[in-house]
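Please open the model in your viewer and keep the sequence at hand. The tour goes from one selection to the next and says what is there.

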Amino acid sequence: MLQQNLLLSPGLLNGGRNQLVIKRRFPSASLAYNSAIEEAENDIVIFVHQDVYLPDTWFACLKSCLAFLEETQVSWGVLGCFGSRKGAEGGLGRVYTSGLGWHGRLVTRPEPVETLDEILLVIRKSSGLRFDPRLPHFHLYGTDICMKARERGLANYAFQGLCVHNTNQLLSLPREFYTCYRYIRSKWSRYLPIYASCMKISFLNGELCRKWIVEAGHQLLGTRRQAKTRVEDPRVFCYERH
């Protein structure tokens, strides 16, 4: 999967100037990413899934975002390609995800958001931000580090970095997601509701309950849904109109 997606990305190694740190067999994303931070030789650290493809324009978009934030003297915490905040239905930042196609609102300049999707995250090593080692599994760690940045007075931004998340579609969330949901809901209860990329995390669990009802309804009615699967070459999506 790594070879057929992320490592196809042009400009990834930038002639050997970028360091690529690959982490395998960790029990949680937080532990893997914290380990990568310790190994990082550069201040700007990009966390990206192995099934993501970054088109040839992506690194130029990140560079433009960093230049904008430096020019406007913004104290930023976390950057990403797809973010959420109150009132921004559908998300900010145009990306491709299996099952959804091209989605999210195009942004002409970096937009402040509350949280960012885990598909891709960017931090500065020097900021001192780290992922919570107590957060288990592989869900909502992006939400958590964005809330940690907010607590420190740092702003989070979504920038327009078109990318492809070439993954197998999930028709229902795994049990581990709900464990992470409860952890985030308890840890950041004073900030509720929190607008995560997948759903709103709230005191009454409204969106979570609605999702349960929909999934239960499909099971009771025996509704057959065909999950979309990843394609052999993610570059084909970059030629579509988005």
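A residue counts as exposed when its relative accessible area is over 50%, and as buried when that area is under 20%. Keep in mind throughout that this is a predicted model.

**Stop 1: helix α4**

Select residues 175-187, which make up helix α4. The helix has 13 residues, and from its first C-alpha to its last it reaches 19 Å, close to the 18 Å expected at 1.5 Å a residue. Now show the side chains of F177, Y178, C180, Y181 and I184, which are buried. They lie on the same side of α4, because they cover an arc of only 160° around the axis. Turn to the other side of α4, where R175, R182 and S186 are exposed.

**Stop 2**

F177 has a relative accessible area of 3%, and Y181 has 1%. Because the cut-off for buried is under 20%, F177 counts as buried and so does Y181.

**Stop 3: aromatic pairs elsewhere**

The model has twelve aromatic pairs. One of them is formed by Y33 and Y141, edge-to-face, with 5.5 Å centre to centre and 85° between the planes. Which helices does this pair link? Y33 belongs to helix α1 (residues 29-39) and Y141 to helix α3 (residues 141-151), so the pair links distant parts of the chain, 108 residues apart. Y33 counts as buried at 13% relative accessibility, and Y141 counts as buried at 3%. The rings of F177 and Y181, from the previous stop, form a tilted pair, 6.4 Å centre to centre with 45° between the planes.

**Stop 4: a charge over a ring**

Select R124 and W76. The charged end of R124 sits over the ring of W76, 4.5 Å from the ring centre.

**Stop 5: the four-stranded sheet**

Switch to a cartoon view and find the open sheet with strand order β2-β11-β5-β6 and mixed pairing. Which strands stand at the edges? They are β2 (52-53) and β6 (101-103); each has a single partner strand, so one side of each is left without a neighbour in the sheet. Then select β5 (residues 95-97) and β11 (residues 164-165), which run parallel and are joined by two bridges. End on Y96, which stands opposite V164 in β11.

Terms used: Residues numbered from 1 in each chain as written. Predicted model: local features only at pLDDT ≥ 70, side-chain atom pairs only at ≥ 80, totals over all residues. Heavy atoms only, no water. Expected span 1.5 Å × (residues − 1). Buried < 20%, exposed > 50% of the residue type's maximum accessible area, 1.4 Å probe, protein only. Arc of directions from axis to C-beta. Phe/Tyr/Trp six-rings, centres within 6.5 Å; stacked < 30°, edge-to-face > 60°. Lys NZ or Arg CZ within 6 Å of the ring centre and 35° of its normal. Pairing = 2+ DSSP bridges.
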